[in-house]
Amino acid sequence: MTDLSLSDHAIAGKTAPPSEARAFRLPTQWLGVAPFFIFAVMFLILPTLYLVLGAFQNAAGAFTFDNIVGIFDPPNLSNYVQCQYDSWISWADGNCRLPTILAAYWISIKISLASSLIGAFAGLAIAIAIVRGGLPNWIRSATLTFSGVASNFAGVPLAFAFLATLGRLGLVTVILNTVFGLNIYAHGFNILSFWGLTLTYVYFQIPLMVVIITPAIDGLKKEWGEAAATLGATTAQYWRMVVIPVIWPSFLGTVILLFANAFGAIATAYALTGSSLNIIPIVLYAQIRGDVLHNPHLGYAIAFGMIVITGLANVFYIWFRTRSERWLK
Amino acid sequence: MKSGRFWAWVVFALGAAYFFIPLIATVEFSMRMRRGVYSLDAYKVVLGDPRFQATFGYSVLAAVFTIILGVLIVVPTAYWIRLRLPQLRPVVEFITLLPLVIPAIVIVFGYIRMYGSSSPLPFLASGRGTDALLVIGYATLALPYMYRAVDTGLRTIDVRTLTEAAQILGAGWGTIITRVILPNVLIAVLSGAFLTFAIVIGEFTMASLLNRPAFGPYLQNIGANRAYEPAALAIIAFAITWGCMSLIQILSRFAPRSANRPN
């Protein structure tokens with residue numbers, strides 16, 4: 001790029017008039033990060049912008065809100081015909097039920113919310129137990145190591161594991177049935193359902209929570225507990241007035257991160273439920289593969305809606321994180 | 001404190017049960033292939049399947065190229081940001097976090113529409129081009145992890161002094177990055193690389209939508225058509241993830257601990 005040494009630059013920067021130094025320095029400075037920015041623009045920002053712009057255009061390329069409105073529309077008749085052979089349509093009771101796109105968003109939001117909340121509270125409980133519970137030290141390190149693995153154990157294999165556990169022939173299903181006489185499938189449980197998918201997502205949500213929240217709990221200083229005790233606080237008061245306010249922002253922030261994590265996931269759901277549960281990434285997947293909505297721009301609108309939801313979630317996450325960092329430094 | 005410890009044990013036991021029962025169930029299920037006795041037949045069938053070998057090999061290769069591309073993009077950038085353009089740090093950090101905001105399925109949807117065979121950059125017109133696009137897509141997925149790993153590594157070394165010392169000895173930029181900076185952050189780069197490997201090896205969405213013969217779509221296909229092999233594959237995948245994470249842990253023991261002078 002340049003064979004001027006660093007000290008030359010420093011001197012040039014100090015002695016030369018600012019305008020001259022700038023005219024000379026800018027290109028070489030920016031060349032160093034050019035590959036990164038070209039990569040990011042070409043393969044991250046432009047493809048996303050392309051979809052976002054497409055969401056506001058009709059087939060002729062003119063500006064329109066129709067696609068966004070289309071998300072909220074009930075499916076039309078042409079979709080109904082399509083329903084006979086399209087895989088993403090739900091076949092729950094043998095009838096062809098038509099989910100709206102809105103319903104798919106709603107199921108996705110519910111599953112993401114349920115799995116992130118369950119994962120967050122369970123993860124928090126585990127983190128508190130291993131940090132403050134007085135358990136042997138090896139349990140803490142073993143839990144953290146396992147969490148690192150399990151939080152990355154997602155996708156298709158995770159679905160297989162849960163099918164082998166809670167599927168119709170899964171170990172837990174069979175044991176519950178033969179040993180305890182409890183047929184969970186007769187009681188309405190199904191791994192290919194809302195709760196089945198939520199329970200499966202929790203398998204990577206809890207460890208992610210443990211990995212992220214443990215440092216925050218480590219950040220609770222012993223002195224605070226002692227100070228509270230000196231001032232005559234009970235354990236309950238110490239938790240209510242010290243621990244919860246300090247952990248709260250990072251807890252909420254992590255909940256949001258878990259939400260976004262579940263919301264964009266598709267592989268686990270696709271491998272687990274095939275196409276019997278219409279979460280929004282699966283609808284988008286079917287749309288990309290075969291234009292099941294008969295309107296490419298409606299597909300863009302779905303993608304845009306997903307970005308809006310995860311984007312909003314991340315705005316909140318950043319906001320909560322900056323608040324929590326004030327305490328944990 | 002006594003009751004606190006009791007509840008800690010209860011929570012830990014419940015958590016351990018939730019996490020180990022599926023693993024035990026999967027192991028058990030994977031060995032049920034031969035009627036009446038436990039056997040490793042499912043593993044033999046899976047490992048002997050030529051499609052397993054082909055798709056697994058393909059995904060390993062894709063992961064290796066992803067890691068190379070990721071290192072080529074991330075290391076010089078993170079280095080340059082620390083050395084010369086600290087004011088750009090928030091921008092770069094924001095961009096590296098974008099793949100966590102934009103779901104993979106949306107990114108690959110954009111690729112399919114932008115780089116089709118009639119576009120100015122027809123990646124999708126040929127098989128090789130699509131392979132390249134898949135590797136690029138994986139590199140964007142791995143960007144948040146790779147950047148953070150490398151940036152943490154750079155924080156523990158004195159980038160400015162090392163650079164100036166190398167320059168005094170007459171090194172050019174290429175030499176500085178490949179022979180001074182890279183060896184110093186090698187452990188961080190390797191951690192990022194193993195994490196990337198763990199993410200890429202079973203990735204389904206991008207590979208499937210780009211129609212690549214990768215391991216993820218193969219897993220999905222087996223899952224839809226077989227009974228016992230998926231359980232065996234799940235155990236194999238878990239072992240791979242475990243291996244990658246263990247390597248990262250082992251590597252982190254060799255990493256330098258503290259910064260002499262944080263930049």
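From the N terminus on, the elements of chain B in this predicted model run α-α-α-α-α-α-α-α-α-α-α-α. The C-alpha trace of chain B spans about 75 × 70 × 30 Å along its principal axes. Chain B has 263 residues, of which 47% count as buried. Among the contacts in chain B between residues at least 6 apart in sequence, 75% join residues at least 24 apart.

The UniProt record, an unreviewed entry, places the feature "domain: ABC transmembrane type-1" at residues 52-249 of chain B. In the model, residues 52-249 of chain B are 81% helix and 0% strand, with the end C-alpha atoms 29 Å apart. UniProt also annotates "transmembrane region" in chain B (unreviewed entry), covering residues 7-25, 56-79, 91-112, 132-150, 185-210 and 230-251. Residues 185-210 of chain B are 81% helix and 0% strand, and their end C-alpha atoms lie 34 Å apart. Residues 230-251 of chain B are 100% helix and 0% strand, with 31 Å between the end C-alpha atoms.

Within chain B, helix 2 (residues 41-48) packs against helix 12 (residues 229-252) at an angle of about 75°, and the two axes are 9 Å apart. Because angles of 65 to 115 degrees count as roughly perpendicular, helix 2 of chain B and helix 12 of chain B are assigned to that class. On the side of helix 2 of chain B, the contact is made by A42(B), Y43(B), V45(B) and V46(B). Helix 12 of chain B contributes E229(B), A231(B), A232(B) and L233(B). By class, the residues of this contact between helix 2 and helix 12 of chain B comprise 7 nonpolar, no polar and 1 charged.

Chain A has 15 helices and 0 strands. Of the 329 residues in chain A, buried residues make up 42%. Contacts in chain A with a separation of 6 or more are formed, for 75% of them, by residues 24 or more positions apart. For chain A, the UniProt record (unreviewed entry) lists "transmembrane region" at residues 30-53, 103-131, 198-217, 237-260, 267-288 and 300-320. One of these spans, residues 198-217 of chain A, is 100% helix and 0% strand in the model, and its end C-alpha atoms are 26 Å apart. Residues 300-320 of chain A are likewise 100% helix and 0% strand, with end C-alpha atoms 30 Å apart.

One residue of chain A is taken as a local example. L176(A) lies in helix 9 of chain A. A residue counts as partly exposed when its number of C-beta neighbours is between the limits of 12 or fewer for exposed and 20 or more for buried. L176(A) has 17 C-beta neighbours inside 10 Å and therefore counts as partly exposed. Leaving aside residues up to four places away in sequence, L176(A) touches L182(A) and I184(A).

The contact between the chains takes 65 residues from chain A and 70 residues from chain B. On the side of chain A that touches chain B, the elements giving two or more residues are helix 3 (34-55), helix 6 (101-132), helix 7 (137-150), helix 8 (156-166), helix 9 (171-179), helix 13 (267-273), helix 14 (280-290) and helix 15 (296-328) of chain A. Helix 3 of chain A supplies the largest share of this side, 11 residues. The side of chain A that touches chain B has 47 nonpolar, 17 polar and 1 charged residues.

The model scores ipTM 0.87 and pTM 0.84. Chain B has a mean pLDDT of 88, and 96% of its residues reach 70 or more. For chain A the average pLDDT is 79, and 81% of the residues score at least 70. Confidence in chain A is highest in helix 3 of chain A, at a mean of 92, and lowest in helix 5 (residues 77-82) of chain A, at 44. Over residues 1-23 of chain A the pLDDT is below 50, and this stretch has 14 contacts in the model beyond near neighbours in sequence. Residues 76-97 of chain A also stay under 50, with 27 contacts beyond four places in sequence. In chain B, pLDDT stays under 50 over residues 259-263, for which the model has 8 contacts beyond four places in sequence. Where pLDDT is low, the predicted coordinates should not be read in detail.

Methods. Residues are numbered from 1 along each chain as its sequence is written. Chains are lettered from A and ligands numbered from 1 in the order in which they are written. This is a predicted model: local features need pLDDT of at least 70, side-chain atom pairs count only at pLDDT 80 or more; totals for chains, interfaces and linings use all residues. UniProt positions are given in the numbering used here, feature names are shortened, and annotations may be inferred rather than shown by experiment. Helices (H or I, at least four residues) and strands (E, at least two) are DSSP runs, numbered from the N terminus. Two residues are in contact if their C-beta atoms, placed from the backbone, lie within 7 Å. Ala, Val, Leu, Ile, Met, Phe, Trp, Tyr, Cys and Pro count as nonpolar, Asp, Glu, Lys and Arg as charged, and the others, Gly among them, as polar. pLDDT is the predictor's confidence in each residue, from 0 to 100. Axes are lines fitted to C-alpha atoms, for helices over the stretch in contact, and angles run from 0 to 180 degrees between N-to-C directions. Angles under 35 degrees count as roughly parallel, over 145 as roughly antiparallel, 65 to 115 as roughly perpendicular and the rest as oblique.
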